Amino acid sequence: MNTRIDKEGLLSQLSVDIQKINDIRKRIGAITPNPFIMLLIIIACIVAEVFLLKTEFINIENFVWLVIFTVFGVFAFIESYKRKKLEPVRQMVNKLRAKMMHLINEDFDYIVDEYIKEDVFASSGLINKSGNKYSGSNLVKGKLGNTKFMMSHIKYEDEHGSGKSHHYELIFDGFFLVAEFNKNFKGRTVVLKDIAENFFGDVIGSWLQKNNLLNDRLVKLENPVFEKKFVVYSNDQIEARYLLSPLIMEKLVDLDEKYNSISISFIDNKLFAVLPSIDEFTLEIPYEELIEDENVWFSFQNMNNLVETISAIINELGLNNKLWADDIIESTASVQSEDFTKEISQ
Amino acid sequence: MFLIFLVLVIVAVVIIFSYNSLVYKQNQVKNSFSSIDVFLKKRYDLIPNLVSVVKAYMDYERSVLKEIVELRQKGMIDDISKSDKIDIDRNITRNIKDLWGVVENYPDLKANQQFLKLQAALNDIEDQISAARRAYNASVNEFNNATQMFPSNIAASIFGMKPERFFEAEQFTKEVPKI
């Protein structure tokens with residue numbers, strides 16, 4: 001990971017790309033019409049619509065709706081026109097961002113428009129609610145030490161109905177990390193933020209957690225600070241403690257304090273983690289106007305923050321330095337236990 | 001009369017529930033200890049390989065290896081008590097820790113890939129044993145609380161259920177070798 005690049009160094013390495021993007025942007029020219037022209041377009045549309053409508057439909061209420069729909073329609077058209085016009089610039093900015101990620105770590109791939117699949121997100125066990133709108137962006141993938149990982153921004157929402165029965169809920173908006181363990185484990189362990197105990201107090205909260213039918217069995221751990229922040233569910237009490245050693249619990253408390261909120265799970269030989277969307281992870285570079293050096297530098301610093309977070313989770317939780325004893329027992333099982341006792345007691 | 005009958009029924013129900021809860025918790029303690037046994041067995045399986053690799057390098061410090069081997073032999077006996085198993089585990093953990101200290105004086109051994117793998121495996125098993133100990137202690141804690149808290153302490157004293165011993169292990173600070 002290269003975190004030593006300073007602002008001047010970065011901008012000098014990217015100056016050609018930034019210049020190219022800005023040249024194209026200049027060629028496209030103005031994309032937002034003059035407000036006066038927009039007003040004229042709206043009036044013209046309304047007049048045309050009034051003429052086209054049958055006279056019996058025209059009353060005050062219908063006219064108000066017609067004006068509202070026309071204004072929205074014109075704005076939507078202009079927005080889509082702007083997007084189409086700026087698409088080549090957007091593509092080039094995305095390439096620029098991928099290049100910036102390569103400067104941080106050349107082994108990492110960064111694809112702005114891609115994200116981790118919904119079934120992987122659902123299999124993490126970190127979100128108990130179900131929604132119907134899943135979207136994302138900013139996929140970063142690669143290998144850190146021995147550990148393969150993927151991280152992307154995810155937005156998960158639930159929206160249904162219309163009018164008065166319209167329901168909208170933002171279930172999750174943040175970053176989602178999947179990292180492969182270089183070891184095997186059979187169980188399923190989920191570490192969630194402790195809401196029940198903090199909200200209802202120790203006794204009622206603990207009872208609710210113990211009798212939570214949505215999750216596996218509650219695991220009560222020895223670290224009181226960890227227990228105050230997190231609640232752990234697992235289908236294997238020993239494996240949960242193996243994965244959440246005293247050191248890992250301390251690291252998780254630190255990570256939680258650093259990133260405000262973190263939940264993790266260990267399922268199917270993978271570590272899953274969710275982090276909230278914070279300003280320090282804002283990676284976008286505005287491109288409606290000319291690209292500004294300050295925005296490029298801001299995005300680069302945030303990319304660094306994101307990569308450091310991935311690295312902190314992978315390294316702090318020891319994903320790189322674990323081995324499975326079973327494999328070694330098999331690979332080194334060359335000595336019969338009867339022989340060696342004699343040799344050693346000579 | 002009805003009141004006395006009602007009180008007796010309530011007392012009987014409380015004792016039955018308390019007894020069932022105690023039995024459930026006691027079984028959890030037993031299950032947790034069986035899991036520790038599985039991991040201890042895994043460690044015993046690795047010790048012959050470790051000794052075989054190490055003895056070639058450590059001519060003058062065989063006493064450490066000898067003690068590990070003897071403890072292993074004692075630990076492998078089927079009908080030893082839970083208390084003895086806890087003591088043997090504690091001693092093996094301490095001896096292996098001592099061995100890692102002695103190995104520092106043998107650069108050739110430290111560079112041996114087979115040894116490094118075994119050391120990593122033993123450290124990993126120690127992590128598993130430690131997790132199993134913690135799970136066992138959590139079960140013991142829950143059971144012991146139940147034997148001391150009202151009203152389950154009444155059922156515990158009627159049925160002769162006594163608090164279990166915690167599995168206190170030596171702190172095993174280890175260095176995971178780079179392989």
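User: Where is the place of B:Pro151?

Analyst: This is a predicted model, in which local features need pLDDT of at least 70, side-chain atom pairs count only at pLDDT 80 or more, and totals for chains, interfaces and linings use all residues. Residues are numbered from 1 along each chain as its sequence is written, chains are lettered from A and ligands numbered from 1 in the order in which they are written, and side-chain values use heavy atoms, with hydrogens and water left out. The peptide bond from B:Phe150 to B:Pro151 is cis, with omega near 5°. B:Pro151 sits in the loop between α5 and α6 (152–158) of chain B; helices (H or I, at least four residues) and strands (E, at least two) are DSSP runs, numbered from the N terminus.

User: What is the strand order of the open sheet in chain A?

Analyst: Strands pair if DSSP finds at least two bridges between them. The sheet has 9 strands with antiparallel pairing. β1 (109–111) and β6 (217–219) of chain A each have a single partner strand, so one side of each lacks a neighbour in the sheet. The order is β1-β2-β3-β4-β9-β8-β5-β7-β6.

User: How many bridges join β4 of chain A to β9(A)?

Analyst: Strand β4 covers residues 167–180 of chain A and runs antiparallel to β9(A). One of the bridges sets A:Glu180 against A:Lys270 in β9(A). The number of bridges is 7.

User: Which residue of β9(A) is the bridge partner of A:Ser265?

Analyst: β8 (residues 263–267) and β9 (residues 270–276) of chain A pair in the antiparallel sense over 5 bridges. A:Phe266 stands opposite A:Leu271 in β9(A). For A:Ser265 the partner is A:Phe272.

User: How many of the 7 residues of β9(A) are buried?

Analyst: Buried means under 20% relative accessible area, exposed over 50%, partly exposed in between (1.4 Å probe, protein chains only). β9(A) is largely enclosed by the rest of the structure, because the buried residues number 5.

User: Is A:Asp268 buried or exposed?

Analyst: A:Asp268 lies in the loop between β8 and β9 of chain A. Its phi is positive, about 55°, although it is not a glycine. Most residues other than glycine have a negative phi. At 54% relative accessibility, A:Asp268 counts as exposed.

User: What is the relative accessibility of A:Asn269?

Analyst: A:Asn269 is also placed in the loop between β8 and β9 of chain A. A:Asn269 has a positive phi of about 60° and is not a glycine. It counts as partly exposed, with a relative accessibility of 24%.

User: Which element of chain A has the lowest mean pLDDT?

Analyst: pLDDT is the predictor's confidence in each residue, from 0 to 100. Chain A averages 81, and 84% of the residues score at least 70. β7(A) has the highest mean among the elements, 93. The lowest, at 40, belongs to helix α12 (residues 337–344) of chain A.
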